[in-house]
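Trainee: Could you walk me through this one with a few questions and answers?
Mentor: Gladly, let's look at it together.

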Amino acid sequence: MSEDRRVAVETGNGVATIALDSPHNRNALSDQLVRELRQALAGAAADDSVRTIVLTHTGGTFCAGADLSEAPAASADPVRARGEQLTDLLEAIVLVGKPVIGRIDGHVRAGGLGLVAACDLVVAGPRTTFALTEARLGLAASVISLTVLPRLNDRAASELFLTGDTFDAARAESIGLITRAVDDCAEVDAVVDGFVRSFAACSPQGLRESKALVNHALAAGITADRDRVIDQSSRLFASQEAAEGVRAFLEKRPPRWAAPAS
């Protein structure tokens, strides 16, 4: 395996463990990481020995969202291409014919919440925090809304999308973003292993068809709304406000359009 890889994969005992493994940039969604994650999912889907996929991470951050420091890929419309790439990744998690468990014990920001929401089950440890920070950059959680919004109640969605405030795993469980918040780091794997054992008692066909049943509306929404949210994302990334927001983020300063703190 290349030392430059961004995703690590281990397979054994019916489980494919796929880890975001780019801690130098907090597992940001670079072009390479997204591409390798799609490849890992496809490999797990094709492996008849795999009953369950566990999506996890190395380092203290599960995923920091888009890699804002990465130069756009060569494309006629690189911003739109990145939106399409992320949409395809979320759809791949939703549609893969095996249950995907998110195993998280670290920070999740912006686009990372889209990955979390695409998983079938999610177990989060006490070091986990979440935030939809896009509005603070002059952006919106456009593409990841395809998976995040169906998981949340309307009031929670309004609060979290509009404020960008940070919340913990207990809050995430209470609003439907994750399945189980675990208070003890040592118990995270035990809870995940319990789900894995449950899946091992089910037939591959039963798992595949049950997942398709419960994800039908989620998958249909991705198909119906993908162009709308990709268009919005492209428009916002091309705006002057977002350019200033991203520059300010990279320079670790408040953006010029931010109102002074009271």
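Trainee: What is the strand order in the open sheet of six strands?
Mentor: Keep in mind that this is a predicted model, where local features need pLDDT of at least 70, side-chain atom pairs count only at pLDDT 80 or more, and totals for chains, interfaces and linings use all residues. Residues are numbered from 1 along each chain as its sequence is written, and side-chain values use heavy atoms, leaving out hydrogens and water. Strands are DSSP runs of E with at least two residues, helices are H or I runs of at least four, both numbered from the N terminus, and two strands pair if DSSP finds at least two bridges between them. With mixed pairing, the order is β1-β2-β3-β5-β7-β10.

Trainee: Which strands are at the edge?
Mentor: Look for strands that pair on one side only. Those are β1 (7-12) and β10 (180-181).

Trainee: In β5, which residue is the bridge partner of L55?
Mentor: Strands β3 (residues 52-57) and β5 (residues 100-104) run parallel and are joined by three bridges. The partner of L55 is G102.

Trainee: Is T128 buried or exposed?
Mentor: T128 sits in the loop between β7 (121-124) and β8 (129-131). Buried means under 20% relative accessible area and exposed over 50%, with partly exposed in between (1.4 Å probe, protein chains only). T128 has 1% relative accessibility, so T128 counts as buried.
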